[in-house]
Amino acid sequence: ADNTVMFEIQRELQKLAKSLDGKRLIIRANPEAAQQLETERHLLTAGIASLDGMDLAIRSDATLHHEQFDIVSL
């Protein structure tokens, strides 16, 4: 499996972490990537204290290229 997307999302989450005030996070990714994210979801927020206990939803979106992703905070 390709960890690039995983790494990108982690970096993005770290950048966003301080400004996220929602209780829910939705990550949309290509189905293949989404499946991997689902498997390793605990790694996504690892070491980001402000994301602890946040509701993280992973959505599969076939219209996204496998390197693309979208993060939404609710």
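The exercises below work through the strands, helices and core of a predicted model.

Residues are numbered from 1 along each chain as its sequence is written, and side-chain values use heavy atoms, with hydrogens and water left out. Local features need pLDDT of at least 70, side-chain atom pairs count only at pLDDT 80 or more, and totals for chains, interfaces and linings use all residues.

**Exercise 1. Work out the strand order of the sheet and name the strands at the edges.**

Step 1. Strands (E, at least two residues) and helices (H or I, at least four) are DSSP runs, numbered from the N terminus. Two strands pair if DSSP finds at least two bridges between them.

Step 2. Read the order. Three strands make an open, mixed sheet: β2-β1-β3.

Step 3. Find the edges. β2 (55-60) and β3 (69-73) each have a single partner strand, so one side of each lacks a neighbour in the sheet.

Step 4. From one strand to the next it averages 15°. Axes are lines fitted to C-alpha atoms, for helices over the stretch in contact; angles run from 0 to 180 degrees between N-to-C directions.

**Exercise 2. Determine how β1 pairs on each side.**

Step 1. Take β2. β1 (residues 24-29) runs parallel to β2, joined by six bridges. I26 has A57 as its bridge partner. L25 has L56.

Step 2. Take β3. Here the pairing with β1 is antiparallel, over five bridges. A29 stands opposite F69 of β3.

**Exercise 3. Place the helices against the strands.**

Step 1. Start with α1 (residues 4-16). This helix packs on the sheet and touches β1 and β3. Contact means heavy atoms within 4.5 Å. The direction of α1 makes about 30° with that of β3.

Step 2. Move to α2 (residues 31-39). This helix lies across β1 and β2, at about 150° to β2.

Step 3. R11 is partly exposed, at 42% relative accessible area. Buried means under 20%, exposed over 50%, partly exposed in between (1.4 Å probe, protein chains only).

**Exercise 4. Describe the largest nonpolar core.**

Step 1. Define the core. It is a set of buried Ala, Val, Leu, Ile, Met, Phe, Trp, Tyr and Cys residues joined through side-chain atoms within 4.5 Å.

Step 2. Count. The largest has 19 residues; I9, L13, L25, I27, L37, L44 and L51 have the most contacts inside it.

Step 3. Assign elements. α1, β1, α2 and β2 each give two or more residues to this core. α1 gives the most, with four.

Step 4. Inspect L51. Leaving out residues up to four places away in sequence, L51 touches L13, A17, L20, L25 and T45.
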